[in-house]
Amino acid sequence: NDEARAQLERAIALNAENHEAWYLLGFVLGDAGRHEEAREATKRAIKLNPALSKAQANLALSPSAERYVDAAERAGSRAAPMEVAPEAALTHYNLGLAFRKKGYHAEALGEYRLALQRGEDRDLVQQAMAEVYLLGRDAASALPLYDELLQRAPQSPRLWNERGVALHQSGDYRAARESYARSTQCDPAYALARNNLGVADYHSGEPEAAARAFQSALEANPSFIKARLNQALLHFKAKQLQRSIEAYRQVLAVEGEHPV
């Protein structure tokens, strides 16, 4: 900690507007027990860059060989974004989020393991770990965490959806569909889960069920671009070209420069 603090203070001396240095200094000070100084450093970082106050958890199904499973955003879901917690008691959890935001997944997992050892919030940490495993397509490691989390929070639409993603990644489309369906039962307006259900239906060889799921996602959130693109692609594969064109036009009406 002392060496890290010295390096960060040197970076700040070279550039007092270096928000990343201030942000990391907050973690280092918090880990060293200097909590008041840690809070001040974190506040300075967030003042310089307000985006640091949130670390979005944009989970998704990764593209398949046909690029049919989109890297879906959380648009339209009611799941709250994962927020960086200011309390010093969540030092390693917060540092894990910072590493994840930079794409350093192994380092993030290391911090989450330390967080569990230090007694930080178990639900927050385990869900964060499970999501990193999903991003690395390690469904075998993610599933036990989701099963444990759902024992404590069986009505969480987000957890059921992400459990479905893990099953989907492992190729168990039937079980994935069941998890997505549970998610929509917990929150009927959760458009992301309805979209993912449609993808699982399609991969299970049931395009008609997929079409119904995409339509229900759009009814829950008409501006959900990913579901609209999936619907357009489904029409295209069925050689329903006019319907496909109309769906793409609706996408362009919302996002006129969409590259797809």
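**Which residues are linked in a network of salt bridges?** In this predicted model, Arg100, Glu131, Arg158 and Glu162 are joined in such a network.

**View 1. Arg5 meets Asp2 and Glu9 in helix 1.** Arg5 and Asp2 form a salt bridge through their side chains, 3.8 Å from N to O. These two residues sit three apart in helix 1 (residues 2-14), a separation of about one helical turn. Glu9 also forms a salt bridge with Arg5, with the closest N and O atoms 3.4 Å apart. Asp2 is exposed, at 59% relative accessibility, while Glu9 is partly exposed at 37%.

**View 2. A salt bridge joins Asp147 and Arg163.** Their side chains meet at 2.8 Å, N to O. Asp147 belongs to helix 7 (residues 139-152) and Arg163 to helix 8 (residues 157-169), so this pair ties together parts 16 residues apart in sequence. Asp147 is partly exposed, with 32% relative accessibility.

**View 3. Tyr93 and Tyr112 form a tilted aromatic pair.** This is one of two aromatic pairs in the structure. The ring centres of Tyr93 and Tyr112 are 6.3 Å apart, with 40° between the planes. The pair links distant parts of the chain: Tyr93 lies in helix 4 (residues 91-101) and Tyr112 in helix 5 (residues 105-117), 19 residues apart. Tyr93 is buried, at 0% relative accessible area, and Tyr112 is buried at 0% as well.

**View 4. Phe99 and Tyr104 make a tilted pair.** Their ring centres are 6.3 Å apart and their planes meet at 55°. Phe99 is partly exposed at 24% relative accessibility, and Tyr104 is partly exposed at 44%.

Note on methods: Residues are numbered from 1 along each chain as its sequence is written. This is a predicted model: local features need pLDDT of at least 70, side-chain atom pairs count only at pLDDT 80 or more; totals for chains, interfaces and linings use all residues. Side-chain values use heavy atoms; hydrogens and water are left out. Rings of Phe, Tyr and Trp (its six-membered ring) pair if their centres lie within 6.5 Å; planes under 30 degrees apart count as stacked, over 60 as edge-to-face and the rest as tilted. Helices (H or I, at least four residues) and strands (E, at least two) are DSSP runs, numbered from the N terminus. Buried means under 20% relative accessible area, exposed over 50%, partly exposed in between (1.4 Å probe, protein chains only). A salt bridge is a side-chain nitrogen of Lys or Arg within 4 Å of a carboxyl oxygen of Asp or Glu.
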